[in-house]
Amino acid sequence: MLYLTRKVGDSVVIDDNIEVTVVEVRGKTVKLGFTFPEDVQVLRRELYDRIQEENRSAAVSEDIIRHLGGANSPAKDISEKKSDTDENAGNS
């Protein structure tokens, strides 16, 4: 981890296209300003961590459903619809 000392108004540039500026310091709180391209996503750490955990949980749930061959498994639904279509085509 890189540690820097900055004063209000000082900036740090990251990868030529992201600028972080110290806007205000009040007690133990530092207000930062960010300038970055529209295609760059910037999230607070607690929000980023929550999204990652939700993604992991969803992936595990999907794996469990797939492993158990759950009744609402998307793969099973597609397979059943295909066999229904195949049977109906043969009856025409």
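**View 1. Contacts of Thr21 beyond its sequence neighbours.** When residues within four places in sequence are set aside, Thr21 is in contact with Gly9, Asp10, Ser11, Lys31, Leu32 and Gly33. The model shown here and in the other views is predicted. Thr21 lies in strand E2, which comprises residues 18-26.

**View 2. The side chains of Thr21 and Ser11.** Ser11 is one of the residues in contact with Thr21. The two side chains, that of Thr21 and that of Ser11, form a polar contact at 2.8 Å.

**View 3. Helix H1 and the residue after it.** Helix H1 covers residues 45-68, a run of 24 residues. Gly69 follows H1 and has a positive phi, near 65 degrees.

**View 4. Order of the secondary-structure elements.** The chain contains three strands and two helices. Along the sequence, these elements are arranged in the pattern β-β-β-α-α. Of the contacts in the chain with a separation of 6 or more, 0% are accounted for by residues 24 or more positions apart.

**View 5. Burial and surface of the chain.** The chain has 92 residues, of which 7% are buried.

Terms used
Residues numbered from 1 in each chain as written. Predicted model: local features only at pLDDT ≥ 70, side-chain atom pairs only at ≥ 80, totals over all residues. Heavy atoms only, no water. Helix = DSSP H or I, 4+ residues; strand = E, 2+ residues; numbered from the N terminus. Polar contact = N/O pair within 3.5 Å; in protein donor to acceptor, adjacent residues only side chain to side chain. Contact = heavy atoms within 4.5 Å. Buried < 20%, exposed > 50% of the residue type's maximum accessible area, 1.4 Å probe, protein only. Expected span 1.5 Å × (residues − 1).
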